[in-house]
Amino acid sequence: MHPGLIVAKLVTMVLGFVIAYQAYRGYRRSNSQSMLYLAVGFAIISFGAIVEGILFDVVGLTLHNAGTVATTIVAIGMLTILYALYGRDPQKLEN
């Protein structure tokens, strides 16, 4: 694998997990389900950023199959974030 690509993927993953951690801290402070879904969504996307390389280089999947799995994981993370933005938040319903 190319060192520059590895560094870029790792930076993307770390930034995503930092955002997920901050969203989780927001959830702990406000007890807002939306913040929890936001944290989970960013964590999933961050994992999806590196899974393609792992599946291709370590597991031995074809680039096409590894890309398909990685894209699916990122899409699930985005759907989770979308739910955080537009889903029903029980805390907001009570107020």
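Tutor: Before we start, a residue counts as buried when its relative accessible area is under 20%. Please also keep in mind that this is a predicted model.

Student: Is S46 buried or exposed, then?

Tutor: S46 has a relative accessible area of 2%, so it is buried.

Student: Where is S46 placed?

Tutor: S46 belongs to helix α2.

Student: Which residues is S46 in contact with, leaving aside its neighbours within four places in sequence?

Tutor: S46 is then in contact with M13, G16 and F17.

Student: What about the helices themselves: at what angle do α1 and α2 pack?

Tutor: Helix α1, residues 3-30, and helix α2, residues 33-59, pack at about 165°, and their axes are 8 Å apart. Angles over 145 degrees count as roughly antiparallel, and α1 and α2 are therefore roughly antiparallel to each other.

Student: Is the crossing left-handed or right-handed?

Tutor: The crossing of α1 past α2 is left-handed. On the α1 side, the residues making the contact include K9, M13, G16, F17 and Y24; on the α2 side, they include L36, F42, S46, F47 and E52.

Student: How many nonpolar, polar and charged residues does that contact have?

Tutor: The contact of α1 with α2 has 16 nonpolar residues, six polar ones and two charged ones.

Student: Changing topic, how many residues does α3 have?

Tutor: Helix α3 covers residues 63-86 and has 24 residues. From first C-alpha to last, α3 reaches 34 Å, close to the 34 Å expected at 1.5 Å a residue.

Student: And which residues of α3 are buried?

Tutor: They are A66, G67, A70, I73, G77, T80, I81 and A84.

Student: What do the buried residues of α3 pack against?

Tutor: Those residues pack against α2.

Technical notes: Residues are numbered from 1 along each chain as its sequence is written. This is a predicted model: local features need pLDDT of at least 70, side-chain atom pairs count only at pLDDT 80 or more; totals for chains, interfaces and linings use all residues. Side-chain values use heavy atoms; hydrogens and water are left out. Axes are lines fitted to C-alpha atoms, for helices over the stretch in contact, and angles run from 0 to 180 degrees between N-to-C directions. Helices (H or I, at least four residues) and strands (E, at least two) are DSSP runs, numbered from the N terminus. Angles under 35 degrees count as roughly parallel, over 145 as roughly antiparallel, 65 to 115 as roughly perpendicular and the rest as oblique. A crossing is left-handed if the near helix is turned anticlockwise from the far one by less than a right angle, and right-handed if clockwise. Contact means heavy atoms within 4.5 Å. Ala, Val, Leu, Ile, Met, Phe, Trp, Tyr, Cys and Pro count as nonpolar, Asp, Glu, Lys and Arg as charged, and the others, Gly among them, as polar. The expected span of a helix is 1.5 Å times one less than its number of residues. Buried means under 20% relative accessible area, exposed over 50%, partly exposed in between (1.4 Å probe, protein chains only).
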